[in-house]
Amino acid sequence: MSSPVTDILFQPFDRAGLSLDNRIVMAPMTRTAAPDGVPGTANAEYYRRRAEGGVGLILSEGTVIDRPASRNEKDIPLFHSDAALAGWKEVIDTVHDAGGKMGPQIWHTGATKGNAGWTPMPRWRARRACSPPASRAARP
């Protein structure tokens with residue numbers, strides 16, 4: 001049963017070079033399911049099922065940059081390294097074969113500690129963004 005309020009969700013979308021069969025967008029959901037940060041066949045199948053279900057655009061779970069503090073769990077997928085990018089190619093090819101469209105969410109958790117007891121090996125210490133400069137710290 002449809003209503004005029006929701007009918008627009010099922011209409012095609014075409015703007016700025018992005019053409020979708022409908023306006024349903026799957027929001028990114030962190031799954032921590034890429035072993036050591038490398039997506040594989042299980043990840044590709046997860047997203048394939050969403051494409052086959054008719055999602056207009058799939059946004060990947062958070063993917064992280066090449067910085068140790070960018071993730072807080074070891075199985076959050078990387079968006080760098082030959083192995084991880086080859087894994088994402090498999091995911092994207094699988095989604096495209098199912099008729100879907102997909103884009104990545106680039107993510108950075110900041111300096112946090114994960115729940116699994118895993119901590120990244122920092123190459124440098126991040127500056128605290130919320131600390132005022134020394135010249136302003138003493139102001140009332």
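Author: Buried means under 20% relative accessible area, exposed means over 50%, and partly exposed is what lies in between. Keep in mind that this model is predicted.

Reader: Why is threonine 32 called partly exposed?

Author: Its relative accessible area is 33%. That value falls between 20% and 50%, so threonine 32 is partly exposed. The residue sits in the loop between E3 and H1.

Reader: What makes the backbone of threonine 32 worth a remark?

Author: Its phi is positive, at about 45 degrees, although threonine 32 is not a glycine. Serine 81 also has a positive phi, near 85 degrees, and is likewise a residue other than glycine.

Reader: Where is serine 81, and is it buried, exposed or partly exposed?

Author: Serine 81 lies in the loop between E4 and H2. Its relative accessibility is 32%. That is again between 20% and 50%, so serine 81 counts as partly exposed.

Reader: How do you know which class alanine 86 belongs to?

Author: Alanine 86 has a relative accessible area of 47%. The exposed class needs over 50%, so alanine 86 stays partly exposed. The residue is in helix H2. Its C-alpha atom is 8.6 Å from that of valine 38, 48 residues away along the chain.

Reader: Now the interior. What makes tyrosine 46 and tyrosine 47 buried?

Author: Tyrosine 46 has a relative accessible area of 10%. Tyrosine 47 has 1%. Both values are under 20%, so both residues count as buried.

Reader: How many aromatic pairs does the whole structure hold?

Author: A search finds 3. In one of them, the rings of tyrosine 46 and tyrosine 47 have centres 4.9 Å apart and planes at 80 degrees.

Reader: Why is the pair of tyrosine 46 and tyrosine 47 called edge-to-face?

Author: Take the distance, then the angle. Centres must lie within 6.5 Å, and 4.9 Å passes, so the rings pair. Planes over 60 degrees apart count as edge-to-face, so 80 degrees settles the name.

Reader: Which residues do the ring pairs link into a cluster?

Author: Tyr46, Tyr47, Phe79 and Trp88.

Reader: What makes arginine 50 a charge over a ring?

Author: Arginine 50 lies over the face of tyrosine 46, at 3.9 Å from the ring centre. The distance limit is 6 Å, so 3.9 Å meets it. Arginine 31 lies over the face of tyrosine 47, at 6.0 Å from the ring centre.

Reader: Which residues make up the largest nonpolar core?

Author: It has 11 residues: Met26, Ala44, Tyr46, Tyr47, Ala51, Val55, Ile58, Trp88, Val91, Val95 and Met102. Helix H1 (41–52) and H2 are the elements that give two or more residues to this core. H1 supplies the largest share, with 4 residues.

Reader: How do you know that methionine 102 is buried?

Author: Its relative accessibility is 14%. That is under 20%, so methionine 102 counts as buried. The residue lies in strand E5. Beyond its neighbours within four places in sequence, its contacts include Tyr47, Leu57, Trp88 and Val95. Leucine 57 is 45 residues away in sequence, yet the C-alpha atoms are 5.6 Å apart.

Reader: What does tyrosine 47 touch?

Author: Leaving out residues up to four places away in sequence, its contacts include Met26, Arg31, Ile58, Trp88 and Met102.

Reader: Why do E4 and E5 count as paired strands?

Author: Strand E4 (residues 57–64) and strand E5 (residues 102–107) are joined by 5 bridges. Pairing needs at least two, so these strands pair. They run parallel. Valine 64 stands opposite tryptophan 107 in E5.

Reader: How do you know that E3 and E4 pair?

Author: They share 2 bridges, in the parallel sense. At least two are required, so 2 is enough. Valine 25 has leucine 57 in E4 as its bridge partner.

Reader: What makes E3 and E5 edge strands?

Author: The open sheet has 3 strands in the order E3-E4-E5. E3 (25–26) and E5 each pair on one side only.

Reader: Which elements make a β-α-β unit, and of which hand?

Author: E4, helix H2 (residues 82–97) and E5 make it, and the unit is right-handed. Along the sequence, the whole protein follows β-β-β-α-β-α-β-α.

Terms used
Residues are numbered from 1 along each chain as its sequence is written. This is a predicted model: local features need pLDDT of at least 70, side-chain atom pairs count only at pLDDT 80 or more; totals for chains, interfaces and linings use all residues. Side-chain values use heavy atoms; hydrogens and water are left out. Rings of Phe, Tyr and Trp (its six-membered ring) pair if their centres lie within 6.5 Å; planes under 30 degrees apart count as stacked, over 60 as edge-to-face and the rest as tilted. Buried means under 20% relative accessible area, exposed over 50%, partly exposed in between (1.4 Å probe, protein chains only). A charge sits over a ring if NZ of Lys or CZ of Arg is within 6 Å of the ring centre and within 35 degrees of the ring normal. A crossover is right-handed if, with the strands pointing away from the viewer, the path from the first strand over the helix to the second runs clockwise. A nonpolar core is a set of buried Ala, Val, Leu, Ile, Met, Phe, Trp, Tyr and Cys residues joined through side-chain atoms within 4.5 Å. Contact means heavy atoms within 4.5 Å.
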